[in-house]
Amino acid sequence: MEFIATGNLTAFDPQSPGARAIFNLWHLGFLVFGAIFVLVAGAIFYALVRYRWREGELDPKQIAGNKTVEIIWTAIPFLVVVMLFTATARTMSLSDPPPAPKPDLIVVGHQWWWEIRYPDSGVVTANEIHIPVGKPFSVRLDSVDVLHEFWVPQLGRKMTTVPGHLNNIWIEADAPGTYLGFCTEFCGLQHAWMHFHVVAEPQADFDDWMRAQRKPAAAPVGEAAVKGLAVFRQFTCVNCHAVNGIHADARVAPDLTHFGSRKFLGAGVRENTPENLRAWLKDPQEVKPGALMPNFNLTGEQIDQLTAYFEEQR
Ligand code: CUA
């Protein structure tokens, strides 16, 4: 089976002010701890060589209880800890927005996908976040089932999604691009396939995307697509999936309005191509074992019709 994880999975190439602050903090810690290691290891090595036991030599002068020395070696570590604490608190303040009454974005963890909501426009999507470049977005994190953890390494810190307890973080990108994010809290069988992408684009492109997402689902055009919509209703897909504009508003599974515009399906498990969508519809458990979507044992014809319908939904 072929798996993909498109995007840069590194925290060493920060692309946002928040991620850069964390990266710099890491560097500071590395330098400080490295210096302490060199000093302590060097002092031990020097003492081992310089004061090694020699025939007929007496014990060196004992300095236990020397007040000056005690004060120095208490004060220095204390100052180091205070300095690192201050730097850490400063970095944290850059990552966490105050809980805004209305966040720019709401992300809800589900086993095993991400629900994305834009409260201002009412747009709902799944596993693909769009943001305008250079604009900090406050993200409110929630979960409907278990603990998940939201992390886009290049764009900022990670944060747990807790059922019944809302957390808030900033998300921002300096440059246009598609950034890979994933769940970093073990949450069940498909934890490793709970990916999402953050598409950062110029404001005009973001506005275009938003305008397209706001529209209700287009009526099917092709003959197969028309039948596909009928299959969608007939096989109770509507009990779990929402499609804006066709009186389907269940929130158990990903919202499928404009599904055809998304780059991936199954929370990043495959690229969104007609071929992969067919494989998914044929048996979701084969593509993503444990996924909560059952195998409906659709016929090849029904699979083609559903695929035709959803590929039209851009
Ligand atoms: Cu969700 Cu791990």
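Which residues of helix 7 are buried?

1. Basis. This is a predicted model, in which local features need pLDDT of at least 70, side-chain atom pairs count only at pLDDT 80 or more, and totals for chains, interfaces and linings use all residues. Residues are numbered from 1 along each chain as its sequence is written, and side-chain values use heavy atoms, with hydrogens and water left out.

2. Helix 7. The buried residues of helix 7 are Gln302, Ile303, Gln305, Leu306, Thr307, Tyr309, Phe310 and Glu311; buried means under 20% relative accessible area, exposed over 50%, and partly exposed in between, with a 1.4 Å probe and protein chains only. Their cover includes helix 4 (223–234), strand 11 (242–243) and helix 5 (274–282).

3. Secondary structure. The chain has 7 helices and 14 strands. These are DSSP runs numbered from the N terminus: helices are H or I with at least four residues, strands E with at least two.

4. Overall dimensions. The radius of gyration of the chain is 27 Å, whereas a compact globule of 314 residues would have one near 20 Å. The radius is taken over C-alpha atoms, and the globule rule is 2.2 Å times the number of residues to the power 0.38. Along the principal axes, the C-alpha atoms fill a box of roughly 100 × 40 × 35 Å.

5. Of the 314 residues in the chain, 43% are buried. Among contacts (heavy atoms within 4.5 Å) with a separation of 6 or more, 65% are between residues 24 or more positions apart.

6. Leu141. This residue lies in strand 5 (residues 137–143). Leu141 is buried, with a relative accessible area of 0%. Not counting residues up to four places away in sequence, Leu141 touches Val107, Phe150, Met159, Thr160, Thr161, His165, Leu166, Asn167 and Ile169. Gly177 is 36 residues from Leu141 in sequence, and their C-alpha atoms are 23 Å apart.

7. Ala242. Strand 11 contains Ala242, which is buried at a relative accessible area of 1%. Leaving aside neighbours within four places in sequence, the contacts of Ala242 are Ala248, Asp249, Ala250, Arg251, Pro254, Asp255, Leu256 and Thr257. Asp304 is 62 residues from Ala242 along the chain, with 20 Å between their C-alpha atoms.
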